[in-house]
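Please look at the structure shown here, and let the paragraphs that follow lead you through one part of it at a time.

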There are 2 protein chains.
Amino acid sequence: MSIKVASKDQVDTILTKYDTFLFDCDGVLWLGDHLLPKIIETLNLLRSHNKKVIFVTNNSTKSRENYVSKFENFGLKVSKGEIFSSSFASAVYISTILKLPKDKKIWVLGQSGIEDELKEVGYTTIGGTDPRLNEPLNLNDPNSMIFNLDPDVGAVIAGLDLNMNYHKMSLTLQYLLQKPELPFIATNIDSTYPSKGLKLAGAGSVIESVAFAAGRQPMCSCGKPNPGMMDAIVAKHAIDRSKTIMVGDRLNTDMKFGRDGGLDTLLVLTGIETMENVEKLATDEQPTYVANKLGDLYEYLQ
Amino acid sequence: MSIKVASKDQVDTILTKYDTFLFDCDGVLWLGDHLLPKIIETLNLLRSHNKKVIFVTNNSTKSRENYVSKFENFGLKVSKGEIFSSSFASAVYISTILKLPKDKKIWVLGQSGIEDELKEVGYTTIGGTDPRLNEPLNLNDPNSMIFNLDPDVGAVIAGLDLNMNYHKMSLTLQYLLQKPELPFIATNIDSTYPSKGLKLAGAGSVIESVAFAAGRQPMCSCGKPNPGMMDAIVAKHAIDRSKTIMVGDRLNTDMKFGRDGGLDTLLVLTGIETMENVEKLATDEQPTYVANKLGDLYEYLQ
């Protein structure tokens, strides 16, 4: 059963037991463009105790570079190496696991975060933020991209696109249907994400429409809770899993990611989940700890 | 096992055996805006033999009125009463089966065909073709519709929308998530439809993204193969099922619709299916007849 973080002693135990803290971002550090309470103080506290902090986000709309700026805008100083985004994880997957030749192009359903990370490892992308895709699909134009698929495309990657439209969906579908040999990769499969007090459609819901139309599911989802992402983090930072804790706001991605990766877990209730959702789970599927908010770690020490 | 229509005798048998012909439209009469060969002649042939013809389409983007015009543009004269579209079937379902009070509004994810048919039975629609939904979703605007759901909405209906975008998806999702008591109705669930030699995403694929995000499936799909649509056609036209044949281009909607409704069936290969797809089926699931094209009925008689 989960331990509710509700005293200074419990925080002291956490600070003693773990030397690496993996954080989900949306719903844990901030909600949309609103920083959650006492986040700066909590991260400063961890750094002052020489804890390693790593930020693991399924938000593929941004590259790691963009994320460093986003943190800076909140007054948080982090390095690019401390960030693992699903856009980065996807680029790593395609280049090091799939070993797709670098002269192949990649069709992107998604935003610039995916394009930037793919370019950084050496690929050319098409689709994505191409402004022509913001126009309605015109089936009367023989020059439309839909009648002129690029023969050099070697993979299709799909993630969250806040400018998703029928044109993008249709193009992506053509690559999936007409070129069944192309690997189809999802950045992540979250069905929703929290923003401004709402639940909005996540990458999983955007991807589901083209997957349903094409009759094929992605071969791999690179973000949480894929254990490949954890393996990459552990390898890069040489961390000890028994001394690492995964902090997140979602049971089916963050907490599963931590648990499947052999880590203890801390669920914060500032995002998508409630205590009722936790209590519905079998005891061994519950997070190690539950806190009302991440900032409680700082506040209970005062 | 299916009988391949390949001789004058077979056409004579069909003309003797059936007095009512139900037709799917896209893929049977036309493909996109291209009329298939000998359609005018075949329909004239049936009318000259005093056959009743009824057009049953899952395309919800048009109303029956729009369909009459579409037929006219192809040089085909049909009456509104001969047309059953999934937009019309949905309006009938909501007013006569759900009996939703007429002072309730209906949130529409879809095009004007749905709006027009709902208005014709007396409902007010919101969403749908509202031009504000063509703008990007703006979460920084407190006046955005997403923060101001209409309390008078009494149902959500979703169908094909060739202008589908993230804004429309997000609004539809809010009604489904925040108002779980609202009935959620699909016009139809075709995953794809044929156009200009391509398979494009159908209503089912558009709906799947919001259904996946909301974690709830539509309570009813009003188009083919829903037997409710067949019951409505049989009742309205007082037809004898044993003397009626369903003609279509899709095994999983048209042929299933006919077979489940107790009709014989004719599959034409001008749309989405191939003979290989037919042969993969168990004998009792195959269509009664298969023809290369509907126009063969006319051509074999010459």
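Contact here means heavy atoms within 4.5 Å, and residues are called buried when their relative accessible area is under 20%. The model is predicted, and the walk through it begins with helix 8 of chain B, which spans residues 227-237.

The buried residues of this helix are M229(B), M230(B), I233(B), V234(B) and H237(B). Because they cover an arc of only 130 degrees around the axis, they lie on the same side of helix 8 of chain B. These buried residues pack against several elements of chain B, namely strand 2 (20-23), strand 5 (52-57), strand 6 (83-85), helix 4 (86-97) and helix 9 (251-260). At the start of helix 8 of chain B, a side-chain oxygen of N226(B) comes to within 2.6 Å of the backbone nitrogen of G228(B), while just after the helix A238(B) adopts a positive phi of about 50 degrees.

Elsewhere in chain B, five strands make up an open sheet with parallel pairing, in the order 8-7-9-10-13. Strand 8 (124-127) and strand 13 (220-221) of chain B stand at its edges with a single partner strand each, so one side of each has no neighbour in the sheet. Strand 7 (residues 105-109) and strand 9 (residues 153-158) of chain B run parallel and are joined by five bridges, and I106(B) stands opposite A155(B) of strand 9 of chain B.

Two helices lie across strands of this sheet. Helix 6 (residues 166-178) of chain B lies across strands 7, 8, 9 and 10 of chain B, at about 140 degrees to strand 7, whereas helix 7 (residues 203-214) of chain B lies across strands 7, 9 and 10 of chain B, at about 160 degrees to strand 10.

Key. Residues are numbered from 1 along each chain as its sequence is written. Chains are lettered from A and ligands numbered from 1 in the order in which they are written. This is a predicted model: local features need pLDDT of at least 70, side-chain atom pairs count only at pLDDT 80 or more; totals for chains, interfaces and linings use all residues. Side-chain values use heavy atoms; hydrogens and water are left out. Buried means under 20% relative accessible area, exposed over 50%, partly exposed in between (1.4 Å probe, protein chains only). Helices (H or I, at least four residues) and strands (E, at least two) are DSSP runs, numbered from the N terminus. The arc is that of the directions from the helix axis to the C-beta atoms. A polar contact is a pair of N or O atoms within 3.5 Å; within protein, one must be able to donate a hydrogen and the other to accept it, and residues adjacent in sequence count only if both atoms are side-chain atoms. Two strands pair if DSSP finds at least two bridges between them. Axes are lines fitted to C-alpha atoms, for helices over the stretch in contact, and angles run from 0 to 180 degrees between N-to-C directions.
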